Amino acid sequence: MTPPFTPRPSQQNILRYTGGRLGIAAVPGAGKTHILSALAAQIIHDNQLQDGQEVLIVTLVNSAVDNFEARIKGFFENPVQALYKYRVRTLHGLAHDIVREKPASVGLENQFSIIDEREAEFIRRESVNAWLAAHPDFLDDYLDPALDVSKRDWVRRQHLPNLVDSLALAFIRSSKDRLLTPDSLRAKLDTSFAPLPLAELGWSIYADYQRALAYRGAVDFDDLIRLALTLLQNDEEYLERLRFRYPFILEDEAQDSSATQQKILGLLSGEGGNWVRVGDPNQAIFETFTTADPDLLREFIRINPNADMPESGRSQPAVIALANHLIDWVMTAHPDPNARTALSLPHIEPVPAGYEPVNPPDNPEGIKFISKKFTPEDELEAVVKSVKGHLDLFADSPHEEKPTIAVLVPRNQRGVEVVESLRKRGVEAIELISSTANTRAAAGSLNYLLSYLADPQSSRKLSKAYEVFRRDWRTGMSLREQGSKQSPTDEDNANNEEVASKTLATI
């Protein structure tokens, strides 16, 4: 196979892979998706698959699935050559495939449903509110004794429900990642040598939450991962069938895998099997609010054959130097020794001469640091004002001479806020976040309508469906405004495929 691009030196090294385990530390802009697509195409082209076998590509978010599909097909003159030779799945999508094939083995009905993040939050909130109502004074010992009565009441009303909900979410996710059911967790708490009041809080809400799921005949996304691992651990014959089906596993964004997710892929690949893991441990964005742990990838790289992909064409040399300096400073001079493992090698290198893309020319003056501390609202206003002011300078310039300004955001919802603020100032933005405003509006409306169709006896879901149907008439909101009001979270977008599967299966 002749690739439709010229692989950089580090990419050429990856394409020499013939089998076994391989851990790859790749910097931002190293071409992770492209090289994994090329590797999958190479495996298919070299006839390394038997009938009934596929290359399994596992990625983090649903938006990357289509990207992989298009790239792999692009390596073949006739896409039919790759037909049924590869499968691209998110981790949750893969877990859903595994559980859906044998649901009874993990105690589920054949027509079990999967609740999305909105429904999960609603159920969890009900459990939190019920717990708070039953224990009105439980957390008084954790409040600052200097607070006066009115301030204490204000904290209870305004902050305590959100705080307890946040604790419950972390507790439930951590428990499921450790394969702890409410029953098994109860047994551990009963043998504890000391009282653990916060653990009791978490257990009580967890148990109530799981009862609510069981009543609905449903599971959440964390349950899918937990049950998939349980099934693979307990059904050797099924595991062997899946190992034959997927003789090669290529994992993208591996820095954002949790221990349970890693165990699933480890079982599927088998001891010494064909498993390539690519990721950047220095940009584990999901570590903050999920059970993801980039140290798992670092350890995998350390104990297995490994390679680096350090070349990136995204940035000018001054930016690369700054990023490398930060890596060195964190590893050697951070004032908190415990934080010195937060970043790791490799350093970022510019793309060598003769390869694409070419790094931007060096311009250290183009890097600006602002030391002012902003609130989220102030930051949004400052960014939007800066973009508008810069564009106004080129208002009379020919279209081809007008600059392109990119605004990077940490999460999908923040991107929505930036786009809406720009549009209010008359700046039309191109959305490259997980979804566009119109898509969010349509998806949000369809989600409510399909949820009702899946459960037509639910008066609450009927009410929501009617609200969607009459929203324009009732409020005069535009479709774009609807999208901004009901835009999905990052994890919602990461799991659109599973939500669709749930709805279709239930109907």
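**Thr260 in helix α12 of the predicted model.** In this predicted model, Thr260 has its place in helix α12, which covers residues 259–269. With a relative accessibility of 1%, Thr260 counts as buried, because the limit for that class is under 20% relative accessible area. Leaving aside residues up to four places away in sequence, Thr260 touches Lys176, Asp177, Arg178 and Leu179, and also Ile225 and Leu229.

Leu232 belongs to helix α10, which is made of residues 221–234, and is buried, its relative accessible area being 1%. When residues up to four places away in sequence are not counted, the residues that Leu232 touches are Ile98, Leu239, Leu242, Ile264, Leu267 and Leu268.

The buried residues in α14 are Ala318, Ile320, Asn324, Ile327 and Val330. An α-helix has 3.6 residues a turn, so residues three or four places apart point the same way. Among the elements that cover the buried residues of α14 are β9, at residues 311–312, and β10, at residues 349–350.

**The aromatic pair of Trp131 and Phe138.** Two aromatic pairs are present in the structure. Trp131 and Phe138 form an edge-to-face pair, in which the ring centres are 5.0 Å apart and the planes make an angle of 85°; the pair is classed as edge-to-face because its planes are over 60 degrees apart. Trp131 is buried, with a relative accessible area of 6%, whereas Phe138, with a relative accessible area of 26%, is partly exposed.

**A nonpolar surface patch that includes Leu449.** Leu446, Leu449, Leu450 and Leu453 together make a nonpolar surface patch of about 330 Å². One of these residues, Leu449, is found in helix α17, which covers residues 437–454.

Key. Residues numbered from 1 in each chain as written. Predicted model: local features only at pLDDT ≥ 70, side-chain atom pairs only at ≥ 80, totals over all residues. Heavy atoms only, no water. Helix = DSSP H or I, 4+ residues; strand = E, 2+ residues; numbered from the N terminus. Buried < 20%, exposed > 50% of the residue type's maximum accessible area, 1.4 Å probe, protein only. Contact = heavy atoms within 4.5 Å. Patch = residues over 30% accessible without salt bridge, like charges linked within 9 Å, V, L, I, M, F, W, Y side chains within 5 Å. Areas by Shrake-Rupley, 256 points an atom, 1.4 Å probe, with all protein chains shown as cover. Salt bridge = Lys/Arg side-chain N within 4 Å of Asp/Glu carboxyl O. Phe/Tyr/Trp six-rings, centres within 6.5 Å; stacked < 30°, edge-to-face > 60°.
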